[in-house]
Amino acid sequence: MQVPKGEPRPFSPEQVDAMLLSGAYRKTRAMILLGYYQGFRVSSIAPVHGRDIDMLAHRIRTVGKGGKIRSLPLHPVIAELAATMPKDDYWFPARKGQTGHIKPAAVTNLITKAKKRAGITDPELTPHSLRHAFGTDLVEADVDIRVVQELMMHESLSTTQIYTRVSERRQREGIHALQPREIPQRSGRHASPQGTAA
């Protein structure tokens with residue numbers, strides 16, 4: 001099902017946990033973690049290579065939209081994951097007899113299976129929803145919107161600002177930021193000698 005543009009559909013933290021605990025195999029769990037903790041699209045998850053990880057600089061290299069090579073901060077969870085993954089090969093190699101890495105469609109298929117095993121039936125939640133959860137949860141954590149833009153590799157800030165609309169908590173906190181004030185019960189106007197309000 002196609003989600004309308006401009007309306008993120010993030011997985012909740014509980015749903016992410018459910019997928020990780022659904023009995024998914026190790027590599028599928030790694031794909032879920034890359035989607036959530038690095039905000040990667042399936043097209044960026046499929047070609048992850050051990051040489052993309054710089055453990056000294058704590059960075060991960062990826063190719064964004066338009067073929068632009070980007071270097072992003074490495075989340076500690078992904079750094080820990082990297083210690084268990086190939087150092088000089090693709091993390092998700094193609095099937096035997098084939099070269100290179102798996103196709104993005106295979107990533108979509110594996111994460112979708114984990115979603116179904118976790119009992120998540122909402123058709124609007126797709127593997128891309130992990131990226132939406134990444135953006136939404138960063139905004140929820142009060143990360144500056146420009147920082148979120150960089151981490152999500154968005155060319156336009158307006159694309160990132162979509163994620164500021166999905167937080168009910170931030171809306172509530174925003175309205176309560178206006179401090180209550182003492183409201184007079186009467187106008188405080190004095191009556192004139194003629195009996196009319198001054």
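Let's start at Asp52, which sits in the loop between helix H3 (42-45) and strand E1 (53-54); helices here are DSSP runs of H or I with at least four residues, strands are runs of E with at least two, and both are numbered from the N terminus. The model is a predicted one, in which local features need pLDDT of at least 70 and side-chain atom pairs count only at pLDDT 80 or more, while totals for chains, interfaces and linings use all residues. Residues are numbered from 1 along each chain as its sequence is written, and side-chain values use heavy atoms, leaving out hydrogens and water.

Asp52 counts as buried, at 14% relative accessibility (buried is under 20% relative accessible area, exposed over 50%, and partly exposed in between, with a 1.4 Å probe and protein chains only). Leaving aside residues up to four places away in sequence, Asp52 touches Pro47, Arg59, Ile60 and Arg61, where contact means heavy atoms within 4.5 Å. A polar atom of the Asp52 side chain also lies 2.8 Å from the backbone nitrogen of His49.

You will find Asp88 in the loop between helix H4 (76-82) and helix H5 (104-117). Asp88 is exposed, with a relative accessible area of 54%. The side chains of Asp88 and Arg51 are joined by a polar contact of 2.3 Å. Asp88 and Ile53 are 35 residues apart in sequence, yet 10 Å apart in space, C-alpha to C-alpha.

Now for the helices. H1 (residues 13-20) and H2 (residues 26-37) pack at an angle of about 160 degrees, their axes 10 Å apart. H1 is therefore roughly antiparallel to H2 (the cut-offs are under 35 degrees for roughly parallel, over 145 for roughly antiparallel, 65 to 115 for roughly perpendicular, and oblique for the rest). Val16, Met19 and Leu20 of H1 meet Arg29, Ile32, Leu33 and Tyr36 of H2. These contact residues divide into six nonpolar, no polar and one charged (Ala, Val, Leu, Ile, Met, Phe, Trp, Tyr, Cys and Pro count as nonpolar, Asp, Glu, Lys and Arg as charged, and the others, Gly among them, as polar).

H2 also packs against helix H6 (residues 128-140), at an angle of about 40 degrees and with axes 7 Å apart. That makes H2 and H6 oblique to each other. Here Ile32, Gly35, Tyr36 and Tyr37 of H2 touch Leu130, Arg131, Ala133, Phe134 and Asp137 of H6.

Note on methods:
Axes are lines fitted to C-alpha atoms, for helices over the stretch in contact, and angles run from 0 to 180 degrees between N-to-C directions. A polar contact is a pair of N or O atoms within 3.5 Å; within protein, one must be able to donate a hydrogen and the other to accept it, and residues adjacent in sequence count only if both atoms are side-chain atoms.
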